[in-house]
Amino acid sequence: MSRDEVTSVFKDQWNAYQWAVDNNLMGHHELLAAAQLFIQDRYKNSSVTMVDFGCGNSLLIPEMTRSVQLEYYFGIDLADNALAMASELLERSHIRSQQFCRDLFLGIPEIPSTPNLIYSAFAVHHGNEQKKRQFFSKLYQQAPDQCAFILTDIMIPPDLKFDEYTQGLEQYFIKQGIRSDWLSPIMAHIRQYDYPETAETWLDITRSSGWKVLHNQTLGPHKVYPATFMLLER
């Protein structure tokens with residue numbers, strides 16, 4: 001799939017995605033609270049160099065890292081408009097950052113600092129299971145010892161077929177009041193490019209790649225659209 005195909009929904013309907021985040025349709029509020037707690041506890045006595053895969057506009061990063069010293073932040077995404085917004089936001093928040101417009105599945109780019117925190121929220125599901133396994137294996141090889149990884153992503157119940165999942169998701173969006181002109185392109189994107197995994201498969205993908213699972217939970221505001229939240233360690 002081309003860069004433009006993957007990112008078209010975010011370039012053309014960015015306000016729709018921002019609306020979903022602001023209204024917590026995907027569980028971003030719970031994600032922020034859980035990630036913030038982990039970062040504060042783990043890095044209270046050390047600085048953070050963070051790599052964010054599928055960073056979007058990096059909206060949650062200043063609040064997520066406000067209690068620690070964020071030495072450097074590297075954001076990776078294919079949506080150049082989102083990266084431009086991220087750069088402006090981080091500059092206003094006095095966070096040193098560098099953005100990379102590239103496929104997240106290529107792994108960690110050449111950066112001037114060694115990361116001790118990897119983060120990805122609602123992005124890795126754009127690769128099928130094989131690409132996910134290759135991605136986590138590559139990151140395990142690239143990351144230094146004791147590097148942490150905060151992962152949250154969409155999840156499908158084991159007894160639900162993908163068509164049933166998307167039908168339930170569409171009804172959920174409608175009940176939440178999504179604008180009619182946003183619904184069609186978002187659902188088209190989900191049906192074409194999303195590959196949700198079961199909780200068991202997410203665990204197997206990460207563990208078989210070598211990552212140690214420190215914590216695993218289901219996160220999200222609604223059972224129709226659950227997410228997996230995992231804390232991993234190299």
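User: Where is the place of Ser58?

Analyst: Please keep in mind that this is a predicted model. Ser58 sits in a loop, the one between β1 (48-53) and α4 (61-64).

User: Is Ser58 buried or exposed, and how does one decide?

Analyst: The general idea is a cut-off, since buried means under 20% relative accessible area. Ser58 has a relative accessibility of 1%, so it counts as buried.

User: Which residues does Ser58 touch, not counting residues up to four places away in sequence?

Analyst: Ser58 touches Tyr73, Ala86, Leu89 and Leu90 when those sequence neighbours are set aside, and the side chains of Ser58 and Tyr73 are joined by a polar contact of 2.8 Å.

User: How should I read strand β5, and why is it described as largely enclosed by the rest of the structure?

Analyst: In a regular strand the side chains alternate between the two faces of the sheet. Strand β5 (residues 148-154) has seven of its seven residues buried, so the rest of the structure largely encloses it.

User: Which strands pair with β5, and in which sense, parallel or antiparallel?

Analyst: Strand β4 (residues 117-121) pairs with β5 in the parallel sense over five bridges, with Phe149 of β5 as the bridge partner of Ile118. The chain passes from β4 to β5 through helix α6 (residues 129-142), in a β-α-β crossover that is right-handed. Strand β7 (residues 227-233) runs antiparallel to β5 and is joined to it by seven bridges; there, Leu232 is the bridge partner of Phe149.

Definitions and conventions
Residues are numbered from 1 along each chain as its sequence is written. This is a predicted model: local features need pLDDT of at least 70, side-chain atom pairs count only at pLDDT 80 or more; totals for chains, interfaces and linings use all residues. Side-chain values use heavy atoms; hydrogens and water are left out. Helices (H or I, at least four residues) and strands (E, at least two) are DSSP runs, numbered from the N terminus. Buried means under 20% relative accessible area, exposed over 50%, partly exposed in between (1.4 Å probe, protein chains only). A polar contact is a pair of N or O atoms within 3.5 Å; within protein, one must be able to donate a hydrogen and the other to accept it, and residues adjacent in sequence count only if both atoms are side-chain atoms. Contact means heavy atoms within 4.5 Å. Two strands pair if DSSP finds at least two bridges between them. A crossover is right-handed if, with the strands pointing away from the viewer, the path from the first strand over the helix to the second runs clockwise.
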